[in-house]
Amino acid sequence: MRNLLSIEDLSRQDIERILARASSFAQVSGREIKKVPTLRGRTVINLFYESSTRTSSSFELAAKRLSADLVSIKAQGSSVDKGESLRDTVQTLSAYDPAAIVIRSPYAGAAALVASWTTASVINAGDGKHEHPTQALLDLYTLRARRGDLEGLRVWIVGDVLHSRVARSNILAFTRMGCAVTVCGPPTLIPRDIATLGCEVRFSLDGIEEADVVYALRMQRERMTGSYVPSLREYAARFQIDGRRLAPHQLLMHPGPVNRGVELAAEVIDSPQALIVRQVESGVVVRMAVLYELLAGGLSPLPASRGIRTEPQPA
Amino acid sequence: MRNLLSIEDLSRQDIERILARASSFAQVSGREIKKVPTLRGRTVINLFYESSTRTSSSFELAAKRLSADLVSIKAQGSSVDKGESLRDTVQTLSAYDPAAIVIRSPYAGAAALVASWTTASVINAGDGKHEHPTQALLDLYTLRARRGDLEGLRVWIVGDVLHSRVARSNILAFTRMGCAVTVCGPPTLIPRDIATLGCEVRFSLDGIEEADVVYALRMQRERMTGSYVPSLREYAARFQIDGRRLAPHQLLMHPGPVNRGVELAAEVIDSPQALIVRQVESGVVVRMAVLYELLAGGLSPLPASRGIRTEPQPA
Amino acid sequence: MRNLLSIEDLSRQDIERILARASSFAQVSGREIKKVPTLRGRTVINLFYESSTRTSSSFELAAKRLSADLVSIKAQGSSVDKGESLRDTVQTLSAYDPAAIVIRSPYAGAAALVASWTTASVINAGDGKHEHPTQALLDLYTLRARRGDLEGLRVWIVGDVLHSRVARSNILAFTRMGCAVTVCGPPTLIPRDIATLGCEVRFSLDGIEEADVVYALRMQRERMTGSYVPSLREYAARFQIDGRRLAPHQLLMHPGPVNRGVELAAEVIDSPQALIVRQVESGVVVRMAVLYELLAGGLSPLPASRGIRTEPQPA
């Protein structure tokens, strides 16, 4: 495994290996000194063409806790202002011989292009409406930490599926792990061919009581240029997850940041069923695991049959 | 002590302990290798919702010289652009289990709110017009390095007291240390109830020759939306500290950045009486001391009766 | 040597020493752990008043691979927004006692001014149309790695010489090393007195077949406020380096980022004659060498007669 571009490329075994590695790093994160020397002297570049707090800081921390040197390039205030093309930027950065480039871009397919231009390992941190694979992995990790085996769990993904790379990656990831996935939203926000990914489609919340997990998507206000919904108010009336719609046995997930009062009501965000903060927590250890697998995986292979046994090097 | 939110919360003894610790770190800063391993593997987050060079870089250096991993979040180019609320941002960042969050915000009370949402130690790096406690601490440190005991010193704080968190924190800090504080400025820039903080109030520079220390405030041009002063020119004529108004026995302080020719004339900025550069220097060691007290204080208590004796761990 | 402000200040011996040091660091960059502890605990400040990806990230990596603590200050989102003058900013930053300040500014002479205000070592990372000495050094390094001795090489520098600090530094650097330099461009983009730097002047590409090295300059679109060229199309027709104009024995250099289809045609950018990616690669090791010479040069002098022998300290 050289790159992490999409969940589509991962076998169930690949996913298991990453989740097991993440578990081992969770022990490191529980210590006061949250650091291992694994990637000391190696360079990780964060190349972000979209604004982001949680994904970029999560990768930054993951790299630093592995002792890598991190260089962060944001679109604003860089040569990107001078009209340098993505390709030239990647060639420039590749000349520094980084171990990995973490790329976020508004364009679907950007991460794969980057991977074709560099010998560094490339991690897709979100490319347009295409995929956001580390989000899906951290969601799996979070859910498994709470529920154990995922086989047979029923997951409803609710909201703006059309504009959501998180939805795409998560449909693929949950089905790969044996979950039954249903997507739900207004017809204008559900892509026509989405069922080909192996999920069911619903246009209302009727029946959501069957779900074990409700995964609400962020309403991407800034991407909603068309008239996809009559109004946020009407959207909320029909699709907002609130205290009435979330049963006590159901778990609630959301990739964040949440629009309070739009896709989620305040009372469910802070309920014990919500895993939202756990998802963020998982982000660091899962991204440590991904960096480890891509950059140091050969050094200390995880015994496939034994799960989370492998110890990271002591700090 | 878990947080540093305001000078109001600090006893004189607390302040003495921080200043003593800062003195011990001044030795580290004097070395070629300006680093101790105290906070190795721990995470400090700089969360700045206002632009800042000196405060943010000073905290950044303080954290790095203590070997912490620093993650810097600026309002621009982050999820803040997507309308994420402060609370959600803090919950996200808290999920990384940082040792400390350093927060600057345009809103008074923001730091206390942050502290109510996180188990990390919170340091107020300026919250609206409320407080800027590390500024006051570094001012005390700087003045004491020059003058020794502060008891009985007469300090005049001159300028835009109304909009100044520095003024508020410094009135509290100087009086706590036994100084006699006078605030001075045009009536439109002096809050009505300011005397309740324990200072005298003057509306002209008459009598400033009695001051041991003249502390000029920055004229916050960008915050002056009302018509507080007829013009900067007239303001300068009445309240600018220049060579005629500053006697040789008086010391001059300013929190920076200075508006040359507004609150201070060029000739006094670079005079030997000016402690302005010393104040900036003190910023790093005082912030190292604050981080140390909050995050590692229990590890190696400073003997209260012995002052600056405690050695930081060798680099 | 305390500062690196311009190539003009460097003797051929100075340049040789830096290039030799860079060669020794190239070994470090070839390792998996690309790091030496040379500048551990010392602070390097990147102070950039112009946007930049490659120069700022290259200095950042150079500093980090020497184990220095790097603080990066960009004009956007800093006190510069509040109208703080360059001098005040430098005085502030100097109070942190940095080992070096790397300054990029739109104003010619800014680096020399900074050096007059601070005791830190100052490195000019580009000051207006004046100089960009580390670019010239990395170009020498790159060319020598490919061609060996530079003595007698014929170098044509083509394009917008008028607005180019790279042109100025490179004319000086190439001539210092014994190359014969010709500058070439439309009369409106060639400064009148440029020949006083020791180069020849041509106003067309006629005769370029004599060149061993073609060094194309970036067409600084954002600086072209006047009517220097009739159109980019006509400029390209007369001065673009393309497959017809570049002979197989000639090498091609460019400081980047390239305007594809303006100063260079796509087919030459990716040709084996192009050293453009090598130039970027060289940036890190040459900047490591410059930092080393300025900050640690006295510690481990390079034997002048032995060239690239000296080993950096092991990681």
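How many residues does the contact take from chain B and from chain C? Before we get to that, note that this is a predicted model: local features need pLDDT of at least 70, side-chain atom pairs count only at pLDDT 80 or more, and totals for chains, interfaces and linings use all residues. Residues are numbered from 1 along each chain as its sequence is written, while chains are lettered from A and ligands numbered from 1 in the order in which they are written.

**Exercise 1. Work through the contact of chains B and C.**

Step 1: Chain B puts in 25 residues and chain C 21 (two residues are in contact if their C-beta atoms, placed from the backbone, lie within 7 Å).

Step 2: On the side of chain B that touches chain C, the elements giving two or more residues are α2 (54-65) and α9 (276-295) of chain B. Helices here are DSSP runs of H or I with at least four residues, strands are runs of E with at least two, and both are numbered from the N terminus.

Step 3: α2(B) gives the most to that side, with five residues.

Step 4: Sort that side of chain B by class and you get eight nonpolar, seven polar and ten charged residues. Asp, Glu, Lys and Arg count as charged; Ala, Val, Leu, Ile, Met, Phe, Trp, Tyr, Cys and Pro as nonpolar; the others, Gly among them, as polar.

**Exercise 2. Find how chain B relates to chain C.**

Step 1: Turn chain B by 120°, shift it 0.1 Å along the axis, and it lies on chain C with an RMSD of 0.0 Å.

**Exercise 3. Trace the open sheet of chain C.**

Step 1: Five strands line up as β7-β6-β5-β8-β9 (chain C), with parallel pairing (strands pair if DSSP finds at least two bridges between them).

Step 2: β7 (200-202) and β9 (251-253) of chain C are the edge strands, each pairing on one side only.

Step 3: Zoom in on β6 (residues 180-184) of chain C: three bridges join it to β7(C). In this pair, C184(C) stands opposite R202(C).

**Exercise 4. Say which residues of α1(A) are buried and what covers them.**

Step 1: Buried residues of α1(A) include R17(A), I18(A), L19(A) and F25(A) (buried means 20 or more other C-beta atoms within 10 Å of a residue's own, with C-beta atoms placed from the backbone).

Step 2: Their cover includes α2 (54-65), α5 (133-147) and α9 (276-295) of chain A.

Technical notes: Least-squares fit on C-alpha atoms with pLDDT ≥ 70 in both. Buried ≥ 20, exposed ≤ 12 C-beta atoms within 10 Å, placed from the backbone.
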